[in-house]
Amino acid sequence: PWRPCAALAAPAAMAPADGSARGWSSQARAARAQRAYERGYICAKPPGQVFLAVDSGIQGQARTVVASMVVHAKHDSLVEGHHHFARLASHAAGEAGLISKSEATKS
């Protein structure tokens with residue numbers, strides 16, 4: 001079931017009286033954000049992509065499924081068709097000579 005993020009559901013009474021995050025001044029927050037950006041902790045998402053939140057217990061499986069779906073979509077676009085299963089898309093791309101036979105069998 002859907003539920004709001006804990007940070008969004010926190011009561012306003014928990015925030016500092018002056019409205020700043022954790023009591024930091026706006027200059028301190030800006031400097032902290034700039035350091036985080038320079039050190040690579042903050043980066044923009046690539047165009048056309050979104051982030052997906054999953055339970056930490058299935059992170060590895062979700063990553064594998066998404067990688068498979070990326071290959072499936074790539075092979076479908078190569079043959080300009082749609083296949084219900086990734087192995088059929090790989091087979092069709094291999095038969096059309098658009099990918100190597102080894103790539104078709106490993107994907």
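Predicted model: local features only at pLDDT ≥ 70, side-chain atom pairs only at ≥ 80, totals over all residues.
Residues are numbered from 1 along each chain as its sequence is written, and side-chain values use heavy atoms, with hydrogens and water left out.

**Overall numbers**
- Of the 107 residues, 12% count as buried (under 20% relative accessible area; exposed is over 50%, partly exposed in between; 1.4 Å probe, protein chains only).
- The accessible surface is about 9100 Å² (Shrake-Rupley method, 1.4 Å probe; for residues, only the protein chains shown count as cover), and 60% of that surface belongs to carbon and sulfur atoms.

**Helix α4**
- Ala89, Ser90, Ala93 and Gly94 are buried in α4 (residues 86-95).
- These four sit on the same side of α4 because they cover an arc of only 135° around the axis (taken from the directions from the helix axis to the C-beta atoms).
- Those buried residues pack against α3 (59-79) and α5 (101-106), with contact meaning heavy atoms within 4.5 Å.
- Exposed Arg87 and Glu95 are on the face turned away from the buried side of α4.
- Just after α4, Gly97 takes a positive phi of about 75°.

**Helix α3**
- Val66 is in α3 and counts as partly exposed because its relative accessibility is 41%.

Methods. Helix = DSSP H or I, 4+ residues; strand = E, 2+ residues; numbered from the N terminus.
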